[in-house]
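Work through the exercises below with the sequence and the model open. Each task is followed by a solution in steps.

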Amino acid sequence: MKVIIKENYEEMSAAAAGLISDEIKRNKKTTLGFATGSTPIGTYKILAQMCKKGEISFKGIKTVNLDEYVGLDKTSDQSYVTFMSQNLFDLVDIDKANTNLPNGCAKNLEKECQRYTSLLQANKQDIQLLGLGSNGHVGFNEPGTSFDSHTHIVDLTESTINDNSRLFEDKSQVPKQAITMGIADIMNAKMVILLASGKAKANAIYKMVKEPASESCPASVLQNHPNCVVIIDKEAAKNL
Ligand code: F6R
């Protein structure tokens, strides 16, 4: 695990966008694993600007997202389908048929988990981008999730519901469940880039980097990944 500490959010975002755009230039048919949440927004903004200037193209790119809420229609403002459209897909030349998110409204969620796991096995991520939960989650793999897990349905913890309630009118509207790539699906990526910004992530960063890998901090599994780059700002690094 290589840890890179940047001065601030902007520099963290530029470093991540640099690695992702280099991969897009190298392999025009690359498969990228994307995350939602506040952290990667700056990275997506830079990638969209680069695409607008003609420096990169997403035409042949395939994407697989980490997760989606259960029971939120994909047209809803808070769905991760909407997030990805607003923050990246509508701003670049990607073919939306090549973008994939797990379907949290599938009638049979177990079958949907199996479908998404098979999709990931057939489309290994060249790069998987991750944010970090303040409780150490990656994707929606909450503390205690098995390192061997594949796509599965999760009961969100109180801490994650609280963290995510800022994006909803009130806490009662935050879905209680999500469908997420499993930890084994994340570890299958050829390269992982984890981003974290701000002091709210400092404890999770400490556990992820300094403590022995343990299911109590899902992100700590990345210590075992052969090509993982952690890019964080000074505030997130304050306990290291
Ligand atoms: C999002 C996801 C989550 C977030 C994490 C951090 O697809 O899988 O693990 O990356 O909750 O969220 P932010 O970036 O909003 O602090």
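**Exercise 1.** What covers the buried residues of H3?

Before the solution, two notes on the source. This is a predicted model, in which local features need pLDDT of at least 70, side-chain atom pairs count only at pLDDT 80 or more, and totals for chains, interfaces and linings use all residues. Residues are numbered from 1 along each chain as its sequence is written, and side-chain values use heavy atoms, with hydrogens and water left out.

Solution. 
- Step 1: locate the helix. H3 spans residues 80-87; helices (H or I, at least four residues) and strands (E, at least two) are DSSP runs, numbered from the N terminus.
- Step 2: list its buried residues. They are Tyr80, Thr82, Phe83, Met84, Ser85 and Asn87. Buried means under 20% relative accessible area, exposed over 50%, and partly exposed in between (1.4 Å probe, protein chains only).
- Step 3: name the cover. It includes strand E2 (31-34), H2, strand E3 (62-65), strand E4 (67-69) and H5, where contact means heavy atoms within 4.5 Å.
- Step 4: conclude. Because 6 of the 8 residues of H3 are buried, the helix is largely enclosed by the rest of the structure.

**Exercise 2.** Describe how H1 and H2 pack.

Solution. 
- Step 1: Two packed helices are described by the angle between their axes and the distance between the axes.
- Step 2: read them. The axes of H1 (residues 9-26) and H2 (residues 41-52) come within 8 Å and cross at roughly 50°. Axes are lines fitted to C-alpha atoms, for helices over the stretch in contact, and angles run from 0 to 180 degrees between N-to-C directions.
- Step 3: classify the angle. H1 is therefore oblique to H2; angles under 35 degrees count as roughly parallel, over 145 as roughly antiparallel, 65 to 115 as roughly perpendicular and the rest as oblique.
- Step 4: assign the hand. H1 passes H2 in a right-handed crossing (left-handed if the near helix is turned anticlockwise from the far one by less than a right angle, right-handed if clockwise).
- Step 5: find the contact residues. From H1 come Tyr9, Ser13, Ala14, Ala16, Ala17, Ile20, Ser21 and Lys25, which meet Ile41, Gly42, Thr43, Ile46, Leu47 and Met50 of H2.
- Step 6: sort them by class. The contact of H1 with H2 has 9 nonpolar, 4 polar and 1 charged residues. Here Ala, Val, Leu, Ile, Met, Phe, Trp, Tyr, Cys and Pro count as nonpolar, Asp, Glu, Lys and Arg as charged, and the others, Gly among them, as polar.

**Exercise 3.** Is Thr160 buried or exposed?

Solution. 
- Step 1: Thr160 lies in helix H5 (residues 158-164).
- Step 2: Thr160 is buried, because its relative accessible area is 0%.
- Step 3: leaving aside neighbours within four places in sequence, Thr160 contacts Asn135, His137, Phe140 and Glu142.

**Exercise 4.** Which residues does Gly131 touch?

Solution. 
- Step 1: Gly131 sits in the loop between strand E6 (127-130) and strand E7 (152-155).
- Step 2: at 19% relative accessibility, Gly131 counts as buried.
- Step 3: not counting residues up to four places away in sequence, Gly131 touches Ala35, His137, Val138, Leu194 and Leu195.

**Exercise 5.** How many disulfides does the structure hold?

Solution. 
- Step 1: apply the criterion, a pair of cysteine sulfur atoms within 2.5 Å. The count is 0.
- Step 2: check one cysteine. For Cys105, the nearest cysteine sulfur is that of Cys113, 13 Å away, and Cys105 is in no disulfide.
- Step 3: Cys105 is partly exposed at 39% relative accessible area, whereas Cys51 is buried at 11%.
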